[in-house]
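Please look over the model before reading on.

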Amino acid sequence: MEISERIKELKKELDTVTLVAVSKTHPITLIQEAYQAGQRVFGENRVQELVPKHEALPKDIQWHLIGSLQTNKVKYIASFVYMIQSVDSLKLLETIDKEAQKHNRKINCLLQVYIAQEETKHGFDPTEIVDFFTTQKFNNYKNIEFSGLMGMATNTDNLDQVSKEFRSLNLLFTQIKNIYTNPSFFQLSMGMSSDYKLAIKEGATIVRIGSTIFGKR
Ligand SMILES: *Cc1c(COP(=O)(O)O)cnc(C)c1O
């Protein structure tokens, strides 16, 4: 199947769920193919790759940063990035806030939550997220739009476990929405090629799909 067909199929299946086409490691020509099929939302995990792609491609693309981000790299993307999904520390939040202020804009951010049984994944603990909103720490970051939460499930064939992890993230999401009632906080990003169907069942509003669209990396 062609990239354009895969995107059309996915869009039908996803309905109102937002598709972030994860284009990391893939060349600009393939992104252009997806763009021509109507895709406008793309995800990259490395700043060094995101910056040249942003420069080369149409400016109506919404770029999502989905990989772990070093504070010293935020300045390279602060002027244009649409959303940073992988915010995993207060230090990073502070830096994004400062850099966004320099560009006189707000940057959409998702707080990444650690839900997996794996050392390699990172993010805030659920208790830290609850504390963050209960103690109204969000007031310290005027140039950040808190848009929701992001999580990655354990990389396992145990579908029950994956579903459970997504469900726990959705419960946390609901809990936070009761504390932090800002209407901009409505996004739950979970699910990739291997588990997006489960993620949608458990309430994802954004899925991040790479290999199903672009093939193996
Ligand atoms: C690479 C990546 C994805 C997409 O993974 P696929 O298995 O190719 O769909 C999703 N989320 C994050 C954070 C990633 O780094």
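The largest pocket holds about 430 Å³ of space. This is a predicted model. The points below cover pockets, a helix pair, salt bridges and backbone angles.

**Largest pocket**
- The lining of the largest pocket numbers 20 residues.
- Closest to the centre of the largest pocket are K24, N45, I66, M152 and M192.
- By class, the lining of the largest pocket has eleven polar, five nonpolar and four charged residues.

**Second largest pocket**
- About 210 Å³ of space lies in this one.
- Its lining includes the run A153, T154, N155, T156 and D157.
- K121, L159 and V162 also line the second largest pocket.
- M192, S194, D195 and L198 complete the lining of the second largest pocket.
- This lining divides into five nonpolar, four polar and three charged residues.
- M192 is named for both pockets: it is among the residues closest to the centre of the largest pocket, and it lines the second largest pocket.

**Helix pair α5 and α6**
- Two packed helices are described by the angle between their axes and the distance between the axes.
- Helix α5 spans residues 126-134, and helix α6 spans residues 159-179.
- Their axes lie 9 Å apart, at an angle of about 10°.
- Angles under 35 degrees count as roughly parallel, and α5 and α6 are therefore roughly parallel to each other.
- From α5, the contact uses P126, I129, V130, F133 and T134.
- From α6, the contact uses L172, Q175, I176 and I179.
- By class, the residues of this contact are seven nonpolar, two polar and no charged.

**Salt bridges**
- The count comes to ten salt bridges.
- One of the pairs is K12 with E9, at 3.7 Å from N to O.
- K12 and E9 both sit in helix α1 (residues 3-14), three residues apart, so about one helical turn separates them.

**Positive phi angles**
- Most residues other than glycine have a negative phi.
- T25 has a positive phi, near 70°.
- T25 is placed in the loop between β1 (18-22) and α2 (28-36).
- Q136 also has a positive phi, near 55°.
- Q136 is placed in the loop between α5 and β6 (144-151).

Definitions and conventions:
Residues are numbered from 1 along each chain as its sequence is written. This is a predicted model: local features need pLDDT of at least 70, side-chain atom pairs count only at pLDDT 80 or more; totals for chains, interfaces and linings use all residues. Side-chain values use heavy atoms; hydrogens and water are left out. Axes are lines fitted to C-alpha atoms, for helices over the stretch in contact, and angles run from 0 to 180 degrees between N-to-C directions. Helices (H or I, at least four residues) and strands (E, at least two) are DSSP runs, numbered from the N terminus. Angles under 35 degrees count as roughly parallel, over 145 as roughly antiparallel, 65 to 115 as roughly perpendicular and the rest as oblique. Contact means heavy atoms within 4.5 Å. Ala, Val, Leu, Ile, Met, Phe, Trp, Tyr, Cys and Pro count as nonpolar, Asp, Glu, Lys and Arg as charged, and the others, Gly among them, as polar. On a 1 Å grid over the protein atoms alone, a cavity is a set of points where a 1.4 Å probe fits but cannot get out, and a pocket is an open set with protein on both sides within 12 Å along at least five of seven lines; lining residues have an atom within 4 Å of a point. Grid points are joined across faces, edges and corners, and a volume is the space filled by probe spheres set on the points. A salt bridge is a side-chain nitrogen of Lys or Arg within 4 Å of a carboxyl oxygen of Asp or Glu.
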